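Please open the model in your viewer and follow along, selecting each part as it is named. The tour moves from the parts that call for caution to a few places worth a careful look.

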Amino acid sequence: MASRFTTVLAAALAACQFAAAQNPDDTKDTHPKLTTYQCTTAGGCVSKDTSVVIDWNYHWFHTADWNSCLTSSGAINSTLCPDQATCAKNCFVQGNSNYTASGVTTAGDTLTMYQYTRNAETGAYGNASPRLYLINTEGNYEMLQLNGRELTFTVDLSRLPCGENGALYLGEMDKTGGRTEYNKGGAEYGSGYCDAQCPVQNWKNGTINPSGSPYCCNEMDILEANSRAAGFTPHPCSNGDCNRGGCGYNPYSQGYKNYYGPGGTVDTTKPFTVVTQFNTNDGTPSGTLTSITRKFLQNGVVLPPAVSGGDILTTEKCNAWDPAAETFGSLTTMGKALARGMVLTFAIWNDATGYMNWLDSGNNGPCSATEGNPELIIKENPTTHVVFSNIRWGDIGSTFNAGSGQPSSSKGATTRSTTLATTKTATTSKVTTTTSAAGPTQTHWGRE
């Protein structure tokens, strides 16, 4: 499966007046609360005091007199930022105090993400396309160590049409977001993004990137999906590059065309639970990753797998489906990254170039080659959104009950509602409302 990197970041940055500075101003990022759960077979599930932070690209960077630190073309202003130290002195990052305007709401253990948001004054919808990371009370990213363990969550994709991608995945980002004296905000402002497509951006790990070098890291796509198609894909990295295409596991592409979708075995008109188990050779978190098992639950029961014997991606299958995988160490390399710890990432996005055909069209899904055009999506589905909830990770078998779809116990579980404060923001930081669905700050990929 070939890989094509889709970059919509530069144009959006120019329109939105973002920049590549480092140190926070006086506007704090509100970090909407999102309760998650860590589980063990011995002690059940315990709630964690976690939140989400929006990606660095979605913040506004400005001078002390509230001018942008980018030029009109989206490049870093070299006068303000000739080097790291000068840029950190001249430019400040503004906290996001209104996540609702960025297409994000939370309540207890539930996260809702909208592709578009509506301008209250004009009534027009503009592209929000948020990307979020799970952050802890220490101001660092919550590092999930999942080798020999499992991750479970519930998702509602019923409002995601062809061309949309509601994604939950893991990236081996620095837990501090690259926090240094020149990047004091770090993870608290969503810096440090990297993935297996080796993105090249104005900044790298939270500081300016004048050389234009890529930022590669191991990536495990737990779920990339809409209501019509879904898949999971490991992307291991080694020697400065990554397995960009990946050996994706998609029921439709395996020939099970009625398994996933509206009215299918996994009925996407209703919420369902996704379980991903990372199996090692000796059954321990320190062992070698040899396979990944996918399970779906709905209406309180474990659904039959698409493939007799279970939906299992083995090292052998991975290397056969994508010969490049073996070059990067395949599942063995992926397991080492999972053992070290990876950052949980949430995104909703669409693709104005490839229409997300790599996910849901041709051999990969039932959508036509043009249904995923964002111009059609914003016209016909302006309120399209995805809902993630009940996120749990821990020992294999501890995060769900085979009979009910819920863990056997939850210790200290609480429900919290998020109040989103609104503070005055300089008018130059506002995102320009558009109906063309250009995609504000996503640096992502497509496959075809």
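Select residues 408-448, where pLDDT stays under 50 and for which the model has 140 contacts beyond four places in sequence. Then select residues 1-21, where pLDDT likewise stays under 50 and for which the model has 84 such contacts. This is a predicted model, and where pLDDT is low, the predicted coordinates should not be read in detail. Over the chain, the mean pLDDT is 87, and 84% of the residues reach 70 or more.

## The whole chain

Now show the chain as a cartoon, in which seven helices and 31 strands can be traced. Of its 448 residues, 58% are buried, and the chain exposes about 16,500 Å², with carbon and sulfur atoms supplying 49% of that area.

Next, select Ser 191, which sits in the loop between strand 15 (164-171) and strand 16 (203-204). Is Ser 191 buried or exposed? Its relative accessibility is 0%, so Ser 191 counts as buried. Show side chains here, and you will find a polar contact of 3.3 Å between those of Ser 191 and Asn 183, while the side chain of Ser 191 also reaches the backbone oxygen of Gly 186 at 3.1 Å. Leaving aside residues up to four places away in sequence, Ser 191 touches several others, among them Trp 56, Tyr 141 and Met 173.

## The disulfides

Select Cys 198 and Cys 216, which are joined by a disulfide with an S to S distance of 2.0 Å. Cys 198 lies in the loop between strand 15 and strand 16, and Cys 216 in the loop between strand 17 and strand 18, so the pair ties together parts that are 18 residues apart in sequence. Cys 198 is buried at 5% relative accessibility, whereas Cys 216, at 22%, counts as partly exposed.

While you are in the loop between strand 17 (207-208) and strand 18 (219-225), select Gly 212 as well; the C-alpha atom of Gly 212 is separated by 6.1 Å from that of Val 200, twelve residues away along the chain.

Move on to Cys 247 and Cys 318, whose disulfide spans 1.9 Å from S to S. Cys 247 lies in the loop between strand 21 (241-242) and strand 22 (260-261) and Cys 318 in helix 3 (residues 315-321), so this pair ties together parts that are 71 residues apart in sequence. The torsion about their S-S bond is about -75 degrees, so the disulfide is left-handed.

Finish at Cys 39 and Cys 45, where the torsion is about 105 degrees, so the disulfide is right-handed.

How values were computed:
Residues are numbered from 1 along each chain as its sequence is written. This is a predicted model: local features need pLDDT of at least 70, side-chain atom pairs count only at pLDDT 80 or more; totals for chains, interfaces and linings use all residues. Side-chain values use heavy atoms; hydrogens and water are left out. Helices (H or I, at least four residues) and strands (E, at least two) are DSSP runs, numbered from the N terminus. Buried means under 20% relative accessible area, exposed over 50%, partly exposed in between (1.4 Å probe, protein chains only). Accessible areas come from the Shrake-Rupley method with a 1.4 Å probe; for residues, only the protein chains shown count as cover. A polar contact is a pair of N or O atoms within 3.5 Å; within protein, one must be able to donate a hydrogen and the other to accept it, and residues adjacent in sequence count only if both atoms are side-chain atoms. Contact means heavy atoms within 4.5 Å. pLDDT is the predictor's confidence in each residue, from 0 to 100. A disulfide is a pair of cysteine sulfur atoms within 2.5 Å.
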